[in-house]
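Notes follow in the order I looked things up.

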Amino acid sequence: MALWTILIGAAPLLVSAGNTQYGLDMFAKAGRGACWVEKLNKLPPIDDEGVNWGTCDMNMKFKEDEWDSQYKFQADFQIQQGNNPDDMKEFLEGAAMNNLKSNMKAKFDQLNPAYRRACEQYVDNENSKPAKDYSAILRDSGDYPFKALAYCMLQTVEKRNGKNDLAALKSHMWSPKSFHQSIIDRENENRKRHGVPALKLDSELNTRAQRYADELASKCVMEHMADVYGADTPDLQYNGGQTGENLMEDGATQGTDDELGMGAANGWYSEINNYPWPQYTGNNARGVIGHFTASVWKSTKLAGYGIGRNPNCDMVLIVARYSPGGNIQSPGMPYYKDNVLPLV
């Protein structure tokens with residue numbers, strides 16, 4: 001493994017290529033964790049400053065050979081200029097590191113500005129020592145460049161959100177929930193805010209939702225089953241009544257199942273901002289509300305979920321089935337008033 005000397009002020013720091021890459025990976029891991037807390041784990045609606053979990057999940061990552069790629073880019077440029085890169089290693093290493101740091105600073109834009117204010121100093125001072133130990137969360141080892149930066153991200157999570165959210169992040173990193181548990185837990189957290197009973201997972205509804213999610217993903221389309229096969233199709237009938245359906249499309253095909261499940265439930269519930277309290281009367285909504293109302297409908301008792309992936313079209317399709325289905329409307333009947341309750 002090659003060793004490079006990178007000048008930090010007057011004090012040289014001896015760094016291995018692998019060690020630098022490890023530091024990048026730990027920074028990205030801590031950043032994605034911070035993003036999970038800020039953009040996904042918090043109950044919606046939240047002020048996401050125009051950045052959602054999917055973009056944060058993708059953009060916090062580095063290539064597996066990020067450091068080597070930066071160095072090679074600088075060396076190739078010098079070759080094009082007629083120079084011999086073997087005679088200017090120190091210059092190339094410094095230029096590669098500067099480019100790398102610029103890329104790292106850009107990644108702060110995926111997070112709350114508080115993270116940049118607290119931690120950006122450690123990008124320029126990659127040999128700094130962490131102020132607090134967070135190895136139990138990162139499960140890293142030894143000293144490496146940007147360790148203080150990675151730990152600062154987690155310290156900022158703790159300062160902004162508290163120990164409970166930090167503990168939730170640790171659990172998410174090392175003992176993630178299943179897709180079904182993640183999505184129904186979040187749906188039930190949302191329902192609890194309205195004082196309505198929790199949903200129960202139903203195996204038959206899970207099977208039906210999964211079958212349709214796979215069908216949609218294979219076609220790279222998102223369309224309600226009732227629109228394709230008709231509302232009376234047998235797959236939408238259950239326990240003597242009509243089921244409800246929510247759909248969610250996501251382009252983050254590399255997201256984990258628990259992250260995607262929570263993100264879908266968050267997305268549906270965020271439509272609460274459009275709901276015309278005290279009740280919907282058929283034409284007074286400020287925007288789309290049907291996913292929100294279906295997910296918190298008081299008389300709904302059972303739910304099932306499916307997730308389909310198709311990397312060929314960069315698509316994840318999530319299907320929810322509810323029984324009995326909600327969003328029932330009839331002139332003069334208080335269905336919405338009785339089933340879409342205000343926050344308690």
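I started with Glu 259, which is buried at a relative accessible area of 4%. My cut-offs: buried is under 20% relative accessible area, exposed is over 50%, and partly exposed is in between (1.4 Å probe, protein chains only). This is a predicted model, so I took local features only at pLDDT of at least 70 and side-chain atom pairs only at pLDDT 80 or more, while totals for chains, interfaces and linings use all residues. Residues are numbered from 1 along each chain as its sequence is written, and side-chain values use heavy atoms, with hydrogens and water left out.

What does Glu 259 form a salt bridge with? I found Arg 32, with the closest N and O atoms 3.9 Å apart. A salt bridge here is a side-chain nitrogen of Lys or Arg within 4 Å of a carboxyl oxygen of Asp or Glu. The pair links distant parts of the chain, 227 residues apart: Glu 259 is in helix 13 (residues 257-269) and Arg 32 in helix 1 (residues 17-41). Helices are DSSP runs (H or I, at least four residues), numbered from the N terminus. Arg 32 counts as partly exposed, at 22% relative accessibility.

Next I looked up Lys 163, which forms a salt bridge with Glu 158, closest N and O atoms 2.8 Å apart. Lys 163 is exposed at 59%, whereas Glu 158 counts as buried at 13%.

Then helix 10. Glu 189 and Arg 186 meet in a salt bridge there (3.0 Å, N to O); they lie 3 residues apart, about one turn of the helix. An α-helix has 3.6 residues a turn, so residues three or four places apart point the same way. Arg 186 counts as buried at 1% relative accessibility, and Glu 189 is partly exposed at 36%.

How many salt bridges does the count come to? I get 20 by this rule. Glu 204, Arg 208, Arg 211, Asp 235, Glu 245 and Arg 321 are linked in a network of them.

Last, I noted Glu 64, in the loop between helix 2 (53-59) and helix 3 (66-80). Glu 64 counts as exposed, at 77% relative accessibility.

Conventions
Helices (H or I, at least four residues) and strands (E, at least two) are DSSP runs, numbered from the N terminus.
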